Amino acid sequence: MHKQLLIKKLLRYTRNLLIFFFASTLLTVIIYRFMPVYITPLMVIRSVQQIFSGDKPTWKHTWVSFDKISPNLPMAVIASEDNRFAEHNGFDFVEIKKAMKENETRKRKRGASTISQQTAKNVFLWPQSSWVRKGLEVYFTFLIETFWSKERIMEVYLNSIEMGNGIYGAQATAKNKFGTTAAKLTKGQCALIAATLPNPIRFNSAKPSPYILKRQNQILRLMNLVPKFPPEEKTTEKKSSKSKKKKKR
């Protein structure tokens with residue numbers, strides 16, 4: 001009898017925990033669809049790491065809306081990180097298959113994370129790879145792909161991604177690396193930023209190594225080949241709706 005009561009309590013506790021988890025994560029994703037993301041787990045983790053290593057915590061981050069980011073930057077990260085970003089539903093199965101095949105012979109394993117997956121990881125999870133984190137990454141990727149637009153995913157990605165030591169997002173990078181704003185970043189600067197993203201702590205977009213300059217040239221070539229983002233028709237629709245609103249006023 002006592003054993004049955006204990007099992008019932010445990011099942012009830014597990015059920016309540018699952019309900020809380022799904023409700024709270026769903027609510028957070030919906031809130032972040034509209035609200036700026038000012039803080040992420042990675043920002044906190046990096047600050048703690050800096051304290052433990054004896055350094056002064058550095059945290060440079062300024063949120064800016066998508067229309068205040070150079071249109072070259074989303075094109076650069078798509079060219080560098082995720083060519084099919086506008087087409088897939090969060091997971092690029094073409095790249096996953098390629099990576100699996102290549103990793104059979106490669107010593108250093110290649111990943112196939114999309115911009116959507118990286119956004120889910122940056123905003124909701126932690127950097128260290130594990131099966132638990134990968135599973136949660138799939139869950140959060142599905143949620144943001146369901147409740148956010150592609151433009152919103154890109155906006156959050158460009159505002160939250162680590163782009164240097166204690167530097168997060170396009171605006172902070174533009175200011176601290178190039179002495180400008182996110183809106184005024186040139187095509188070449190955007191390609192440099194994208195070139196360093198696999199390891200922004202090791203590589204500096206303001207002082208590019210020969211390897212980064214080579215990557216920059218590759219990205220610049222790809223930027224002319226990948227489809228424009230956001231698509232021109234969507235941009236035209238937004239401009240016409242804004243002009244209609246102004247006329248009504």
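A charge sits over a ring if NZ of Lys or CZ of Arg is within 6 Å of the ring centre and within 35 degrees of the ring normal. Here the charged end of Lys-150 does this over Phe-85, 4.6 Å from the ring centre.

Some ground rules. This is a predicted model, where local features need pLDDT of at least 70 and side-chain atom pairs count only at pLDDT 80 or more, while totals for chains, interfaces and linings use all residues. Residues are numbered from 1 along each chain as its sequence is written, and side-chain values use heavy atoms, leaving out hydrogens and water.

Next, the aromatic pairs. Rings of Phe, Tyr and Trp (its six-membered ring) pair if their centres lie within 6.5 Å; planes under 30 degrees apart count as stacked, over 60 as edge-to-face and the rest as tilted. The whole structure has 11 such pairs. One of them, Phe-22 with Tyr-139, is edge-to-face, at 5.7 Å centre to centre and 70 degrees between the planes. Phe-22 is partly exposed, with a relative accessible area of 42%, and Tyr-139 is buried, at 18%. For those words, buried means under 20% relative accessible area, exposed over 50%, and partly exposed in between, with a 1.4 Å probe and protein chains only.

Now Phe-124 and Phe-140. Their ring centres are 4.5 Å apart and their planes are at 5 degrees, so this pair is stacked. Both Phe-124 and Phe-140 are buried.
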